[in-house]
Amino acid sequence: MKLTIIGNGNMALALIAGLYKKYELEVVGRDMNKLKAISDTYENITITQITHDFDINGKNIILCVKPYSLQAVKKNLSGVANTLFSILAGTTIATLKDAIASQSYIRVMPNISAIYGSSMTTLTGDLNAKDLSIDIFDSVGNTLWLDSENELDIATAIAGSGPAYLALIAEAMADGGVKAGLKRADSKAIVAGLFGGFGDLIKHIEPSNIKEQVMSPSGTTACGVASLEEANIRSAFIKAVESAYHRALELGKK
Ligand SMILES: NC(=O)c1ccc[n+]([C@@H]2O[C@H](COP(=O)([O-])OP(=O)(O)OC[C@H]3O[C@@H](n4cnc5c(N)ncnc54)[C@H](OP(=O)(O)O)[C@@H]3O)[C@@H](O)[C@H]2O)c1
C-alpha cells in the first residue's frame with residue numbers, strides 16, 4: 001500500500017523511519033533539498049515538491065505539518081483523499097473536513113519515539129478506517145484507539161508531549177549525579193540505562209507497586225522520594241498534563 005506523507009519535519013522523519021519498511025512512501029514538501037536528503041537515506045521513497053493542484057485523489061495521506069500550516073497546505077491540494085490521517089495537535093476533524101476533502105478522517109497522535117519503532121500512538125476518528133489506521137501505526141510502535149477527540153487531546157498532553165517531560169527528568173537526574181560527584185558521561189549512561197529498564201518494568205507492574213518494592217524503611221529511596229514530594233512533583237506533572245491538554249483545545253479553536 002502507498003502512503004503519502006505531507007511535511008518533512010521532525011515527526012514526519014520519525015514516522016518514515018518505521019513506515020518505510022512496510023509501505024511504499026511518497027513524501028511531499030516544499031524544500032527540495034530536505035526532500036532529497038530523505039530519498040538519499042531511504043530507498044524506494046518518492047519525493048514530490050508541493051505545487052498548486054497536488055492531486056490527493058484516492059490517496060492515503062498522513063498530514064505532518066504544524067496546525068497553523070493547514071490553511072497554506074490546503075490551497076495546494078485537489079481531489080478527494082481515501083483517508084486523511086492527521087497528526088496535528090488539537091486540530092479537530094471538523095476543521096480538517098473544512099480544509100481537505102477525504103472519504104475518511106483519522107486523528108493520530110504519535111510521539112517522537114516512532115523513530116525507534118516505539119511510539120505510543122493514540123488514534124480516533126471514522127470507524128470504517130479504524131483497522132487500517134491501527135495496522136499502519138502499529139508499524140511505528142504501540143497503538144491505542146480512543147473513543148473521542150477529547151480523549152485524544154488528553155492523550156496528546158501525555159504521550160505526544162511526554163518525551164519532553166521525561167527528557168527534563170533525565171537531564172535533571174544526570175545533573176544530580178554530576179552534583180554528587182559522578183563524571184557526566186557516566187551519569188548520563190546510568191540515566192539512559194534506567195529509562196530503558198523502566199520501560200519494561202512499567203508494562204508489567206503498577207507504579208505504586210514499583211515504588212513500594214524499591215522503597216525500604218529509612219532507606220536511600222525513601223529519602224529521595226520525600227525530597228520529590230517536598231518539591232510537589234506530583235502536582236507539577238498533573239498541572240503539566242492539564243495545561244498541555246488546554247493548549248490542545250486552544251489549538252483546536254483556531
Ligand atoms: N514533534 C513532536 O514530538 C510531535 C508529536 C506528535 C504530534 N506532532 C504534530 O506533528 C506536526 C508536525 O510537527 P513537527 O514537530 O514535525 O514540526 P516541524 O519539524 O516544524 O515540521 C513541519 C513540516 O511542515 C512542513 N510545512 C510547513 N508548511 C508547509 C506547506 N505549506 N506545505 C508543505 N509542507 C509544509 C515544513 O516544511 P519545511 O521543512 O520546508 O519548513 C516541515 O517539514 C504538528 O502538527 C505537531 O502537532 C508533533
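Before going on, a word about what you're looking at. This is a predicted model, where local features need pLDDT of at least 70 and side-chain atom pairs count only at pLDDT 80 or more, while totals for chains, interfaces and linings use all residues. Residues are numbered from 1 along each chain as its sequence is written.

Let's stay with the ligand for a moment. There are 27 residues around it, and Gly 7, Gly 9, Met 11, Ser 69 and Ala 89 come nearest. A residue is near a molecule or strand if its C-beta atom, placed from the backbone, lies within 6 Å of it. Two elements give two or more residues to this shell: α1 (10-19) and α3 (70-74). The top contributor is α1, with three residues.

Now zoom out. The protein has 11 helices and 10 strands; these are DSSP runs numbered from the N terminus, with helices being H or I of at least four residues and strands being E of at least two. Taken along the principal axes, the C-alpha atoms fill a box of roughly 65 × 40 × 30 Å.

Next, find the open sheet of eight strands, with mixed pairing and the order β3-β2-β1-β5-β7-β8-β9-β10. Its edge strands, β3 (45-49) and β10 (141-145), each pair on one side only. Two strands pair if DSSP finds at least two bridges between them. Look inside the sheet and you'll see β5 (residues 60-63) and β7 (residues 81-86) pairing in the parallel sense over four bridges. In that region, Leu 63 has Ser 86 in β7 as its bridge partner. Helix α2 (residues 32-41) lies across β2 (24-29) and β3, running at about 175° to β3. That angle is between N-to-C directions, on a scale from 0 to 180 degrees, using axes that are lines fitted to C-alpha atoms, for helices over the stretch in contact.

What about the inside? The largest nonpolar core has 47 residues, and Ile 5, Leu 15, Ile 16, Ile 62, Leu 63 and Cys 64 touch the most other members. Helix α1 provides the largest share of this core, seven residues. Such a core is a set of buried Ala, Val, Leu, Ile, Met, Phe, Trp, Tyr and Cys residues joined through C-beta atoms within 7 Å. In soluble globular proteins, nonpolar side chains tend to be buried together. Leaving aside neighbours within four places in sequence, Leu 15 is in contact (C-beta atoms, placed from the backbone, within 7 Å) with Ile 5, Ile 62, Cys 64, Pro 110, Ala 114 and Val 140.

Of the 254 residues in the protein, 30% are buried. Buried means 20 or more other C-beta atoms within 10 Å of a residue's own, exposed means 12 or fewer, and partly exposed is in between. Asn 44, in the loop between α2 and β3, is exposed because it has 9 other C-beta atoms within 10 Å. Asn 44 also has a positive phi of about 65°, although it is not a glycine. Ser 218 sits in the loop between α9 (207-214) and α10 (220-230), and its phi is positive too, near 60°. Ser 218 is exposed because it has 6 other C-beta atoms within 10 Å.

Technical notes:
Two residues are in contact if their C-beta atoms, placed from the backbone, lie within 7 Å.
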